[in-house]
Structures are given as C-alpha cells and as structure tokens.
Amino acid sequence: MANLTEDMKNMLGTQLSFLATTGVDGKPQVGPKGSLHVYDDSHLIYFEHTFRQAFDNLTNNHMAAVAVVDRDAQKGFRFEGTAHIHEGDDLANDILGKTKIFERFPRAAVVIIDIERIYKLDNTLEAGVQLA
C-alpha cells in the first residue's frame, strides 16, 4: 500500500476528482466523482449511486485510477489501485447510514480503493514520476 501525504489529502478534500476505469472491451471510461474523499492514509472512498459504466467496469475489472489536479497551482496526483465494492454489507450500511444519500437515491454502495501507486501530475518535467 502507498500512503497519502497531507498535501495529497488536502487536494483530494478541495478539488474535484476523476475516476478512470476500463471495460471488458478494453475501452476506457472516466468521470467526476463528487463524493470521492480520503477514507484513511492508504484508501480512497466514494459513494456509488448511478450503477452505470464505472460500476460495471469495477465489477468486472477492479483496477481504478483517480486523478486530482489543482488547476491554478498546476499540480496534481494520480492514484492507482484495486477497488472493492460494498453494497448492503455492514461496512456499507455503517458508512451510508451516516449520510443522506438514500434521501436522493434508492440504491447506493460504497467503493473503497486501495492506493497501490501514486504518480505526480505537476506541470513540470517531473510529470508522471512515481511517488509511491
């Protein structure tokens, strides 16, 4: 597992993150995840409620990448790892029970991503350098 720094946590807490997955046909899929946030030092979490492309892709191929960038600072990070879907289990019920998600959506799940690799996305010659 790779661990998040305070700078990474702050960026994830203040900037919009994008989740990238791959379908069984090999086609990439990317989209914003407004609920994505830090779960702990080595995991990211988001709440799944659309159950469309990203969910289907993660069901078949658990590999995920998350990119977050501060456009003004021209700095960012990419986190790669394995996603675990929790729906209707104790973990999902505990986490989602503390939210108001079911007031808006009839179905929801929790997706936790193990952070296995971290890359720099700065607008410098260090772009793409693996940090962990």
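User: Which residues of helix H2 (residues 53-60) are buried?
Analyst: The model is predicted, so local features need pLDDT of at least 70 and side-chain atom pairs count only at pLDDT 80 or more, while totals for chains, interfaces and linings use all residues. Residues are numbered from 1 along each chain as its sequence is written, and side-chain values rest on heavy atoms, with hydrogens and water left out. Helices (H or I, at least four residues) and strands (E, at least two) are DSSP runs numbered from the N terminus, and a residue is called buried under 20% relative accessible area, exposed over 50% and partly exposed in between, with a 1.4 Å probe and protein chains only. By this scale, the buried residues of H2 are Ala 54, Phe 55, Asn 57 and Leu 58.

User: Which exposed residues does the face of H2 turned away from its buried side carry?
Analyst: The buried residues of H2 are Ala 54, Phe 55, Asn 57 and Leu 58. They lie on the same side of H2 because they cover an arc of only 165° around the axis, the arc being that of the directions from the helix axis to the C-beta atoms. The face turned away from that buried side carries the exposed residues Gln 53 and Asn 60.

User: Is Gln 29 buried or exposed?
Analyst: Gln 29 is found in strand S2. Leaving aside neighbours within four places in sequence, Gln 29 is in contact (heavy atoms within 4.5 Å) with Leu 19, Ala 20, Thr 21, Gln 53, Ala 54 and Asn 57. With a relative accessible area of 15%, Gln 29 counts as buried.

User: What is the phi of Phe 51?
Analyst: Most residues other than glycine have a negative phi, and most peptide bonds are trans. Phe 51 lies in the loop between S4 and H2, where it is buried, with a relative accessible area of 13%. Although Phe 51 is not a glycine, its phi is positive, at about 55°.

User: Which residue does Lys 9 meet in a salt bridge of 2.4 Å, N to O?
Analyst: A salt bridge is a side-chain nitrogen of Lys or Arg within 4 Å of a carboxyl oxygen of Asp or Glu. Lys 9 forms one with Glu 6, the closest N and O atoms being 3.4 Å apart, and both of these residues lie in helix H1, three residues apart, about one turn of the helix. At 2.4 Å, N to O, the side chain of Lys 9 also meets that of Asp 41. This pair links distant parts of the chain, 32 residues apart, since Lys 9 is in helix H1 and the loop between strand S3 (37-40) and S4 holds Asp 41.

User: Which residue is joined to Lys 120 by a polar contact of 2.4 Å between side chains?
Analyst: Lys 120 is found in strand S7 (residues 109-120) and is buried, with a relative accessible area of 18%. A network of salt bridges links Lys 75, Lys 120, Asp 122 and Glu 126. A polar contact is a pair of N or O atoms within 3.5 Å; within protein, one must be able to donate a hydrogen and the other to accept it, and residues adjacent in sequence count only if both atoms are side-chain atoms. Joined to the side chain of Lys 120 by such a contact of 2.4 Å is that of Glu 126.
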